[in-house]
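I opened the model today and kept a running notebook. These are the entries, in the order I looked things up.

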Amino acid sequence: MTLPAPDMKALPPAAVAALMHHSPALLFLADGEDLAWRYVTPRFATLTGAAVEAAMAAGWRDFCHPLDLQALLAAWAARPEGEGLARPLRLRAAASPDSGAPEAWRRFDCLIEPALGGGWAGSLTDAQARHDAAARQARLLLELRRRATGGLALIRSMVSRTLEASEDLSHFAAHLSGRLGALSRIQLLLARRGDALASLEEMVREELLAQEVREAAAIEVDGPEVLLPDSVAAALGLALHELAVNAAKFGALSRPRGRIAVTWKRLPPRGEQPERLQLRWQESPGSEPPVDPAARHLGFGRELLEQGLPYELDAVTRLDFLVDGLRCEIVFPLPTAPAPLFFDDADKGGVS
């Protein structure tokens, strides 16, 4: 069933004006093949900051993105005679008075159809929110792919090195299970905050708790708040896990009165060096006599500390096997805020 077109002439002028004024879309009437405006709704002035009269005098060229205008007029010229056109484009939008930001391009869906009585009638419907949502989804998918790729590479390396260092299948299964558990705890910490950052203090406490260190007298954890992105958290979290496991099997946590102090501090930038984090792991009491580092087996944990962290985090690490107990120091550059995954084409003046 086709409904008849409404007779706009039968409506009072005030009613027509109210419809035009309150329409969420920008409405316009245009003439000729160059689509010269002969009417635009008052909402146009709200969007652009220009008076309606000025907008009509200036026309498309002063408010439409140049590349979009070129594409619009080309498509308009190529369309079948007498037919309308639907096309996305960008208009220059005025900044909010209290935002302090410059004007920006805003996306609209443009629809142009033959008008009753001749000429052309058009609408410009705001599509910026839809575009932003699509951009956010694209960034999320890209970030998920990046994390999945990095996570799989880390797990593949971890499995390979654990297998090489294992004496038998049961040894391999036990160590691999513990390391996968450490990665799982890190992922839970990252998900808990919702911003893909993990608290260093929570990472330390979770690893010690995983080794059943529940007495406050047995541990000291102290340092300023530090939030680490996923790639840094994964590498450092595995290192903390290896230290905690070693302490539980051979170090301070294997002794009745053993203690562990994990402290960290920020080191300010110096010269060309960025801000760094210095983390210290100190166990007491130690073994008698102290373990000779050269005699220790170069397993996954030690290799991760002495070779993996320098590669992954540009870290400087030091392991000392002293009479007082194992001491480990890790110094690495604190990551800065990540750059956007990609820029918006409109911001660069291109066609999106």
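I began with burial: 36% of the 352 residues in the protein are buried. My cut-offs are under 20% relative accessible area for buried, over 50% for exposed, and partly exposed in between, with a 1.4 Å probe and protein chains only. This is a predicted model, so I took local features only at pLDDT of at least 70 and side-chain atom pairs only at pLDDT 80 or more, while totals for chains, interfaces and linings use all residues. I number residues from 1 along each chain as its sequence is written, and side-chain values use heavy atoms, with hydrogens and water left out.

**Elements and contacts**

I found nine helices and 12 strands in the protein. Next I looked at contacts, meaning heavy atoms within 4.5 Å. Of those between residues at least 6 apart in sequence, 57% join residues at least 24 apart.

**Q128**

Where does Q128 sit? I find Q128 in helix α5, residues 128–165. Its relative accessible area is 10%, so Q128 goes down as buried. I set aside neighbours within four places in sequence, and Q128 is then in contact with W105, R106 and R107.

**Salt bridges**

Side chains of opposite charge can pair when their charged atoms come close. My rule asks for a side-chain nitrogen of Lys or Arg within 4 Å of a carboxyl oxygen of Asp or Glu. How many salt bridges come out by this rule? I count 13.

I noted R90 and D68, which form a salt bridge with the closest N and O atoms 2.8 Å apart. This pair links distant parts of the chain: R90 is in strand β3 (residues 85–93) and D68 in helix α4 (residues 66–78), 22 residues apart. Both R90 and D68 are buried.

R38 and D31 also form a salt bridge, at 3.0 Å between the closest N and O atoms. Are these two buried or partly exposed? R38 has 38% relative accessibility, so I log R38 as partly exposed. D31 comes to 33%, so D31 is partly exposed too.

Then I went to helix α7 (residues 200–210), where R205 and E201 lie four residues apart, about one turn of the helix. Their side chains meet in a salt bridge, 3.1 Å from N to O. R205 is partly exposed at 38% relative accessible area, and E201 is partly exposed at 33%. I also logged a network: salt bridges that share partners join R318, D320 and R327.

**Aromatic rings**

I describe a pair of aromatic rings by the distance of the centres and the angle of the planes. Rings of Phe, Tyr and Trp (its six-membered ring) pair if their centres lie within 6.5 Å; planes under 30 degrees apart are stacked, over 60 edge-to-face, and the rest tilted. The structure holds four such pairs.

W37 and F44 are edge-to-face, 5.3 Å centre to centre with 70 degrees between the planes. Both of these residues are buried. F44 also pairs edge-to-face with F63, at 5.3 Å and 85 degrees. F44 lies in helix α2 (residues 43–48) and F63 in the loop between α3 (52–58) and α4, so this pair ties together parts 19 residues apart in sequence. F63 is buried, as is F44. I wrote down one aromatic cluster made of F28, W37, F44 and F63.

The charged end of R79 sits over the ring of W76, 3.6 Å from its centre. For that I need NZ of Lys or CZ of Arg within 6 Å of the ring centre and within 35 degrees of the ring normal.

**Cavity**

I found one cavity of 30 Å³ or more. A cavity is a set of points on a 1 Å grid over the protein atoms alone where a 1.4 Å probe fits but cannot get out, and lining residues have an atom within 4 Å of a point. Grid points are joined across faces, edges and corners, and the volume is the space filled by probe spheres set on the points.

Which residues line the largest cavity? I get R185, I186, L189, M203, E206, E207 and G237. The elements giving two or more residues to this lining are α6 (169–193) and α7.

**D314**

My last entry is backbone. Most residues other than glycine have a negative phi. D314 has phi near 55 degrees, a positive value in a residue other than glycine. D314 lies in the loop between α9 (300–313) and β11 (316–322). Relative accessibility there is 57%, so D314 counts as exposed.

Note on methods:
On a 1 Å grid over the protein atoms alone, a cavity is a set of points where a 1.4 Å probe fits but cannot get out, and a pocket is an open set with protein on both sides within 12 Å along at least five of seven lines; lining residues have an atom within 4 Å of a point.
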